[in-house]
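Hi,

Here is the structure I promised to send over. Have a look at it first, and then read on for my notes.

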Amino acid sequence: MNAKVWLIGAGPGDPELLTLKAVRALAEAEVVLIDDLVNPQILAHCPQARVVAVGKRGGCRSTPQAFIQRLMLRYARQGRCVARLKGGDPCIFGRGGEEAAWLQTHGIETELVNGITAGLAGATQCGISLTLRGVSRGVTLVTAHTQDDSPLNWQALAQGGITLVVYMGVSKLEEVRQGLLAGGLAADTPVAMIENASLPQQREQRSTLVQLCEDAARFKLSSPAILVIGEVAARRERRCDDSTCPAIAG
Ligand code: SAH
């Protein structure tokens, strides 16, 4: 019996942003549970597996978390190798840690596999360096959406000199704007909104904190999207295929 559950980060969408370890785990899997933010093209790595869709998108009809966990447990107890594919990284707003702990308390061997989280991918795809010497000395990943709707500590988040990456913020733009302004962040702080990062339909819109809601409405920002907030969000770092890059042009 090779019963095991792999909790795999499928990355932000581009199938080429998958890790080699994820590909190896998928090749071993007999059952694959796939979340709805995962690009189905990734299933090309597990043609042998039975695939179960377990979408759990906020606000939509979804498969309850407890059901998904019991499903993983049932397949594992049948002696099967199970892969649970989650968008981005399983441990960034993905419950990977919780699921691993729960499976382990039920005696199931579990392994977490990193994925590239959407915030990092989105920024890089748009030429935004989340940390930048002399501009941003750190980065905070934060969700605008909490289960109990408890407020964020906006004052702590509003300190300058670091970059904020906001997940699940599309329906909370006004709250983000107000909270950060009240916390002391400058009204003209740059913001980048990045939708469908790394996918062919990726879109981006640059704005400022004070203009965030109006610009998002005009742009028709929709989920999944991340916000990058901070001085780096006004920049677009050059790629090395730029003809002005001396290493290439020279
Ligand atoms: N574990 C995931 C995050 C899941 S929470 C990760 O590490 O990326 C879901 C949120 O992630 C979405 O509301 C959105 O804010 C963000 N997200 C996921 N995929 C995205 C994508 N391709 N582009 C932009 N944002 C994305």
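The shell around the ligand is made up, by class, of 12 nonpolar, 4 polar and 1 charged residues. Bear in mind as you read that this is a predicted model. In total 17 residues surround the ligand, and the closest are D89, I92, T117, A197 and A225.

Which backbone atoms sit close to ligand nitrogens? For I92 the distance is 2.7 Å, for A197 it is 2.8 Å, and for G87 it is 2.9 Å. As for how covered the ligand is, it would expose 540 Å² taken alone, and the protein buries 91% of that.

Now for the domains. The chain is divided into domain 1, which runs over 4–113, and domain 2, which runs over 118–234. Contact between the two draws on 11 residues from domain 1 and 14 residues from domain 2. Their C-alpha centres lie 28 Å apart.

So where does the ligand lie relative to domain 1 and domain 2? Both domains give residues to the shell around the ligand, so the ligand lies between them.

On the interface itself: the size of an interface is often given as the accessible area lost when the parts come together. Here domain 1 and domain 2 bury about 820 Å² between them, and 68% of that is on carbon and sulfur atoms. The side of domain 1 that touches domain 2 has 5 nonpolar, 3 polar and 3 charged residues. How many salt bridges does the rule find across the interface of domain 1 and domain 2? The count is 0. For polar contact across that interface, the rule finds 1 residue pair, with both residues at pLDDT 80 or more.

That's my list for now.

Cheers

Methods. Residues numbered from 1 in each chain as written. Predicted model: local features only at pLDDT ≥ 70, side-chain atom pairs only at ≥ 80, totals over all residues. Heavy atoms only, no water. Near = heavy atom within 4 Å. Polar contact = N/O pair within 3.5 Å; in protein donor to acceptor, adjacent residues only side chain to side chain. Areas by Shrake-Rupley, 256 points an atom, 1.4 Å probe, with all protein chains shown as cover. Nonpolar A, V, L, I, M, F, W, Y, C, P; charged D, E, K, R; others polar. Domains from an automatic or database assignment. Contact = heavy atoms within 4.5 Å. Buried area = accessible area lost by both parts, 1.4 Å probe. Salt bridge = Lys/Arg side-chain N within 4 Å of Asp/Glu carboxyl O.
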